[in-house]
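Keep the structure open as you read.

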Amino acid sequence: MPLHQLGDKPLTFPSPNSAMENGLDHTPPSRRASPGTPLSPGSLRSAAHSPLDTSKQPLCQLWAEKRGARGTHEVRYVSAGQSVACGWWAFAPPCLQVLNTPKGILFFLCAAAFLQGMTVNGFINTVITSLERRYDLHSYQSGLIASSYDIAACLCLTFVSYFGGSGHKPRWLGWGVLLMGTGSLVFALPHFTAGRYEVELDAGVRTCPANPSAACADSTSGLSRYQLVFMLGQFLHGVGATPLYTLGVTYLDENVKSSCSPVYIAVFYTAAILGPAAGYLIGGALLNIYTEMGRRTELTTESPLWVGAWWVGFLGSGAAAFFTAVPILGYPRQLPGSQRYAVMRAAEMHQLKDSSHGEASNPDFGKTIRDLPLSIWLLLKNPTFILLCLAGATEATLITGMSTFSPKFLESQFSLSASEAATLFGYLVVPAGGGGTFLGGFFVNKLRLRGSAVIKFCLFCTVVSLLGILVFSLHCPSVPMAGVTASYGGSLLPEGHLNLTAPCNAACSCQPEHYSPVCGSDGLMYFSLCHAGCPAATETNVDGQKVYRDCSCVPQNLSSGFGHATAGKCTSTCQRKPLLLVFIFVVIFFTFLSSIPALTATLRCVRDPQRSFALGIQWIVVRILGGIPGPIAFGWVIDKACLLWQDQCGQQGSCLVYQNSAMSRYILIMGLLYKVLGVLFFAIACFLYKPLSESSDGLETCLPSQSSAPDSATDSQLQSSV
């Protein structure tokens with residue numbers, strides 16, 4: 001509840017009820033006294049033996065008298081006069097009240113976060129390549145589709161966090177989830193309006209001799225206009241998800257004990273991280289199904305023309321979002337029994353040097369647009385908050401940049417296929433990211449970290465991940481590729497001297513537009529079958545791979561008597577693979593280990609009425625300075641390591657071959673830069689953090705809580721203190 005100034009009146013709280021269990025008040029309304037009436041110490045003692053007498057009592061009068069000599073700010077609960085029943089308007093059956101608990105709302109918020117992560121960070125990243133093939137999109141167009149989510153979030157964060165923070169949070173959350181579901185349905189719409197997907201096969205393009213007539217076909221299908229539909233779907237995703245990570249977090253924090261809040265938030269964010277893992281697994285399985293279900297095709301999943309059933313996942317997530325939104329809309333503005341936790345949060349709040357926060361303590365603060373400038377000014381004057389925002393931006397830059405390009409790094413370093421690299425990275429992210437997120441909240445609760453101790457924990461995690469980043473000083477040697485890193489005879493080529501044409505394939509009329517690598521029996525990798533001089537005749541080996549015999553560019557092998565090539569890249573023999581994977585796991589784990597403690601520190605360094613707005617401002621800073629430029633910055637430096645670019649009928653496409661040593665070096669530089677900045681921001685935030693002069697223990701002993709933990713006192717202790 002909001003905190004406000006009441007002059008010299010005593011500090012009052014609701015009395016402990018034996019009928020209050022798990023945060024749910026089962027006392028009949030007819031037996032509840034009107035709030036706001038302070039009792040004498042004698043009446044308090046009788047109330048301890050008569051829990052049904054539920055008028056408010058001055059449990060912290062001694063603490064208030066101590067403070068009265070110095071300051072004037074008191075804390076008092078304000079009755080909202082609103083129902084705390086779970087239901088929709090007048091329909092609130094008793095059977096639903098069993099869900100009207102912090103664990104109940106946590107379950108539905110986790111479901112919403114899981115769906116958001118699965119759709120936006122899972123399905124979208126999985127189907128981008130399929131969308132480019134199906135709708136004739138360029139890479140920059142698909143990149144704009146992905147960025148539409150962050151653009152929408154940045155545009156809406158200020159409005160949603162400011163007005164939603166003082167409004168009915170569950171309703172904002174529920175309507176947001178409905179918008180997410182609508183966005184998923186809109187994203188799948190082009191499949192039903194663009195007509196059937198039909199392709200023509202030409203097997204002679206990639207073998208020697210090639211069919212030059214099929215090299216560059218003028219595509220005038222007009223399907224690229226569906227880019228706008230995909231952007232609209234992503235925009236709705238961004239708008240709908242905005243309340244989830246601002247209002248959802250503060251709603252959880254408001255309705256649980258201060259010491260339990262990190263665990264609840266950690267569970268919430270763990271669900272959000274497990275969502276992308278499910279998106280990759282489900283989306284990858286759906287891509288093995290042909291997009292035109294029920295129709296037969298000669299294409300195989302290995303064909304560059306194959307398009308899987310990318311749209312099915314969005315229909316499923318859209319329907320699931322609608323079912324998840326309905327129960328969230330039924331939750332009350334505040335859960336029963338949540339008011340007693342406000343003073344515990346107030347004790348950990350960062351103390352400003354002046355008294356300008358007095359107006360912000362008013363319960364009506366933040367409900368009108370006139371309070372917006374003051375809200376922003378109070379946050380700008382809070383150095384701890386600003387530094388935590390900057391630290392979050394540096395971490396977000398690394399998370400978004402490395403999550404986007406780590407599969408590409410693994411693919412290049414270990415000579416893997418794109419699907420193998422994505423699967424391997426998924427195996428790293430799920431235990432490291434999910435485990436780190438959950439354990440971060442668990443450690444804050446288990447170690448009872450408060451105030452600056454939470455920031456010190458973040459600092460420790462950042463230092464460890466900084467040391468782990470040093471593993472990128474190692475790299476695997478690049479697999480030699482004929483005409484790129486090695487000559488067709490096998491000798492090394494100077495950097496920048498590319499020549500895919502040689503006397504052995506000069507008569508093949510090979511086209512540079514068709515990249516389909518093969519591994520020669522001489523250990524060299526070739527650009528395509530045509531560049532290896534392989535005819536169309538094939539056979540299948542025991543592993544199910546296609547083998548091409550009599551390849552003119554592959555030197556004869558004494559054991560077989562002729563040169564041959566196998567479809568696919570050559571296998572990497574790098575001995576540093578286990579070491580690289582272990583340290584990448586460490587970097588991911590400790591990066592996510594600090595995420596929940598950093599969020600907890602943010603919630604504790606601002607006042608109650610400003611917490612939703614503060615999270616909104618933090619998300620804007622994190623996205624503008626980290627989330628949006630992160631992939632761009634990492635993509636730019638990784639492009640510097642490119643050796644061979646794709647030729648799309650005279651236009652430069654994506655990078656086909658990278659120099660492993662240069663890629664590792666550039667990632668190392670970027671990682672060290674942002675991790676060092678993160679260490680500095682956390683260290684300065686820890687130094688400048690100044691909590692209120694009264695300890696939280698002094699306040700928590702005055703709280704009417706049923707828990708036996710040190711956060712609260714027993715009834716006898718309350719009587720003796722009064």
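Cys-504 comes out as partly exposed, because its relative accessibility is 26%. Bear in mind that this is a predicted model. Its disulfide partner is Cys-553, with the two sulfur atoms 2.0 Å apart. Cys-553 has a relative accessible area of 5%, so it counts as buried. The torsion about their S-S bond is about 100 degrees, which makes this link right-handed. Where do the two ends sit? Cys-504 is in the loop between helix 14 and strand 3, while Cys-553 is in the loop between strand 6 (546-549) and strand 7, so the bond ties together parts that are 49 residues apart in sequence.

How many disulfides does a search of the whole structure find? The count is 5. Including the pair just described, here are some of them side by side:

| Disulfide | S to S distance | S-S torsion |
|---|---|---|
| Cys-476 and Cys-574 | 2.0 Å | -75 degrees |
| Cys-504 and Cys-553 | 2.0 Å | about 100 degrees |
| Cys-519 and Cys-570 | 2.1 Å | about 105 degrees |

Take the pair of Cys-519 and Cys-570 next. Both of these cysteines are buried. Their link is right-handed, because the torsion about the S-S bond is about 105 degrees. Cys-519 belongs to strand 3 and Cys-570 to the loop between strand 7 and helix 15, so parts that are 51 residues apart in sequence get tied together.

The bond between Cys-476 and Cys-574 is left-handed, at -75 degrees. This pair links distant parts of the chain, 98 residues apart: Cys-476 is in the loop between helix 14 and strand 3 (518-520), and Cys-574 is in the loop between strand 7 (564-567) and helix 15 (577-593). Cys-476 is buried, because its relative accessibility is 0%. Cys-574 also falls in the buried class, with a relative accessible area of 14%.

Cys-605 is buried, with a relative accessible area of 1%. Cys-260, by contrast, is partly exposed at 28% relative accessibility.

On to the packing. In soluble globular proteins, nonpolar side chains tend to be buried together. Here the largest nonpolar core has 69 residues, and Tyr-135, Leu-244, Phe-268 and Trp-310 have the most contacts inside it. At least two residues of this core come from each of several helices, among them helix 4 (139-165), helix 8 (261-286) and helix 16 (595-604). Helix 3 gives the most, with 15 residues. The core also takes at least three residues from each of domain 1 (101-195 + 224-349) and domain 2 (370-474 + 576-691).

What does Leu-244 touch, leaving aside its neighbours within four places in sequence? Its contacts are Leu-109, Ala-112, Ala-113, Gln-116, Leu-173, Met-180, Val-249 and Phe-268. Another core, of 68 residues, lies apart from the largest one, and its members include Leu-372, Cys-389, Leu-398 and Val-471.

Is Gly-181 buried or exposed? Gly-181 is buried, because its relative accessibility is 0%. Gly-318, Ala-321 and Phe-322 are its contacts once neighbours within four places in sequence are left aside. Gly-316 is 135 residues away from Gly-181 along the chain, yet their C-alpha atoms are separated by 9.3 Å.

Ser-528 is in the loop between strand 4 (525-526) and strand 5 (538-540). Its relative accessible area is 2%, so Ser-528 is buried. Its side chain makes a polar contact of 2.8 Å with the side chain of His-531.

Arg-448 is in the loop between helix 13 (418-446) and helix 14 (452-469). With a relative accessible area of 41%, Arg-448 counts as partly exposed.

How values were computed. Residues numbered from 1 in each chain as written. Predicted model: local features only at pLDDT ≥ 70, side-chain atom pairs only at ≥ 80, totals over all residues. Heavy atoms only, no water. Helix = DSSP H or I, 4+ residues; strand = E, 2+ residues; numbered from the N terminus. Buried < 20%, exposed > 50% of the residue type's maximum accessible area, 1.4 Å probe, protein only. Polar contact = N/O pair within 3.5 Å; in protein donor to acceptor, adjacent residues only side chain to side chain. Contact = heavy atoms within 4.5 Å. Core = buried A, V, L, I, M, F, W, Y, C linked by side-chain atoms within 4.5 Å. Domains from an automatic or database assignment. Disulfide = S-S within 2.5 Å.
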